[in-house]
Amino acid sequence: MQRKAYVPGIAALLAALLAGCTGGSGSKGTAADPKPGDVSVNTPAAQPGKYRTLPEACAAVSHDSLDSLLPGIRQITDQDRRDTAYEGQATLTYDTDRRVGCGWKVESTDATDHLSVDFERVVSYDNAVSDDSRAQDIYATEETAANLPEASASATPSGSGSATATPSATPSSSASSTASASASTSAGPSETPADLQPRKLSGLGDEAFLDDKLNSGSSTAQQRTVTVVFRTSNVIVRIEYAEQPTASTGTPDSKEMQDKARNLAHKLVDRFNG
């Protein structure tokens, strides 16, 4: 009788041991699986930017460009002073691999001209965001801050809408149109032409914009400042060109200054892409 009672006890013990071994192997298999939240293996790091260094800012602008932008340099008769004027003044920065700049200020018989260039190499410290994407964000913030005027096409729908809404009021409509046209004509000379207004620029780096401001300086002469900002990959370049005439009634020519600033911008793009 004792022997019969003992055999079922052994069977129960063996069954328990087998169950424990099966459960252990299952838990081992589960531990070997990758964690659901672990994406470091499957998600590649964002690409670094194209540029790893920056050019020396004061040497980035050629003497020919400086002669065009700063006519007063050619009027300096002393060779040492002229060489110093060409050298410019480096902007104080703490990491020349990330940001460099240079400025020039030269007086001539007609005006005082200022020029500054600034190069910023953008680096993203977020593995999920590329250097280019971070540079795009910084550029977009600066373009928004420039508050570029909207395209003038918005005036067309409102004008056509009012004309369609009141077809029977032709005389008053034409009268108001004549009045607005005469007002526009009288205001025309003081307004900036559409093609010279602050705007986005095409064909300059990956994206670019131009700003143009006319401000009263310390005297009665008006100072014009033309700014060109462009991005090429993960580098943002800023050009600021300002002129204040010597004569109190002088006003710097917008088209001439914009052409000079844009010409320099294209040369700097070629320097990066060369």
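Where is the place of S233?

Guide: S233 sits in the loop between strand 6 (222-232) and strand 7 (235-245). Keep in mind that this is a predicted model. The backbone at S233 deserves attention. Its phi is positive, about 55 degrees, although S233 is not a glycine. Most residues other than glycine have a negative phi. S233 is also buried, because its relative accessible area is 8%, and the cut-off for buried is under 20%.

Compare N147. N147 has a positive phi of about 55 degrees too, and N147 is not a glycine either. N147 also belongs to a loop, the one between helix 5 (131-146) and helix 6 (155-165). The surroundings are another matter. N147 counts as exposed, because its relative accessibility is 62%, and exposed means over 50%.

Now go back to strand 6. R224 lies in strand 6 and D212 in strand 5 (residues 207-216). The side chains of R224 and D212 meet in a salt bridge, with 2.7 Å from N to O. That pair links distant parts of the chain, 12 residues apart. Both partners, R224 and D212, are buried.

Look next at D211. D211 forms a salt bridge with K213, and the closest N and O atoms are 3.5 Å apart. The two ends differ in cover. D211 counts as buried, at 9% relative accessibility. K213 is partly exposed, with a relative accessible area of 43%.

The structure holds 12 salt bridges. Another of them joins E256 and K260, with closest N and O atoms 3.3 Å apart. This one stays within a helix. E256 and K260 are four residues apart in helix 8, so about one helical turn separates them. E256 is partly exposed, with a relative accessible area of 43%. K260 is buried, with a relative accessible area of 18%. There is also a network: salt bridges that share partners join R99, D118, E120, E142 and R238.

Helix 8 leads on to the rings. The structure holds three aromatic pairs. One of them is Y51 with F272, an edge-to-face pair with 5.3 Å centre to centre and 70 degrees between the planes. Y51 lies in the loop between helix 1 (2-32) and helix 2 (57-60), while F272 lies in helix 8 (residues 254-273), so the pair ties together parts that are 221 residues apart in sequence. Y51 counts as buried at 9% relative accessibility. F272 counts as buried at 10%.

F272 has a further ring partner. F119 and F272 form an edge-to-face pair, 5.7 Å centre to centre, with 90 degrees between the planes. F119 lies in strand 3 (residues 111-121) and F272 in helix 8, so this pair ties together parts that are 153 residues apart in sequence. F119 and F272 are both buried. Taken together, ring pairs link Y51, F119 and F272 into a cluster. F272 takes part in both of the pairs described here.

D78, D80, D83 and E87 form a negative surface patch. Take D83 to begin with. D83 is in helix 4 (residues 79-87). D83 counts as partly exposed, because its relative accessibility is 33%. E87 is found in helix 4 as well. E87 counts as exposed, at 51% relative accessibility. One distance is worth checking on your display. E87 and H63 are 24 residues apart in sequence, and their C-alpha atoms are 9.4 Å apart in space.

Definitions and conventions. Residues are numbered from 1 along each chain as its sequence is written. This is a predicted model: local features need pLDDT of at least 70, side-chain atom pairs count only at pLDDT 80 or more; totals for chains, interfaces and linings use all residues. Side-chain values use heavy atoms; hydrogens and water are left out. Patches are made of residues with over 30% relative accessible area and no salt bridge: like charges are joined within 9 Å, nonpolar side chains (Val, Leu, Ile, Met, Phe, Trp, Tyr) within 5 Å. Accessible areas come from the Shrake-Rupley method with a 1.4 Å probe; for residues, only the protein chains shown count as cover. A salt bridge is a side-chain nitrogen of Lys or Arg within 4 Å of a carboxyl oxygen of Asp or Glu. Lys and Arg count as positive and Asp and Glu as negative; His and the chain ends are not counted. The place of a charge is taken as NZ of Lys, CZ of Arg, CG of Asp or CD of Glu. Helices (H or I, at least four residues) and strands (E, at least two) are DSSP runs, numbered from the N terminus. Buried means under 20% relative accessible area, exposed over 50%, partly exposed in between (1.4 Å probe, protein chains only). Rings of Phe, Tyr and Trp (its six-membered ring) pair if their centres lie within 6.5 Å; planes under 30 degrees apart count as stacked, over 60 as edge-to-face and the rest as tilted.
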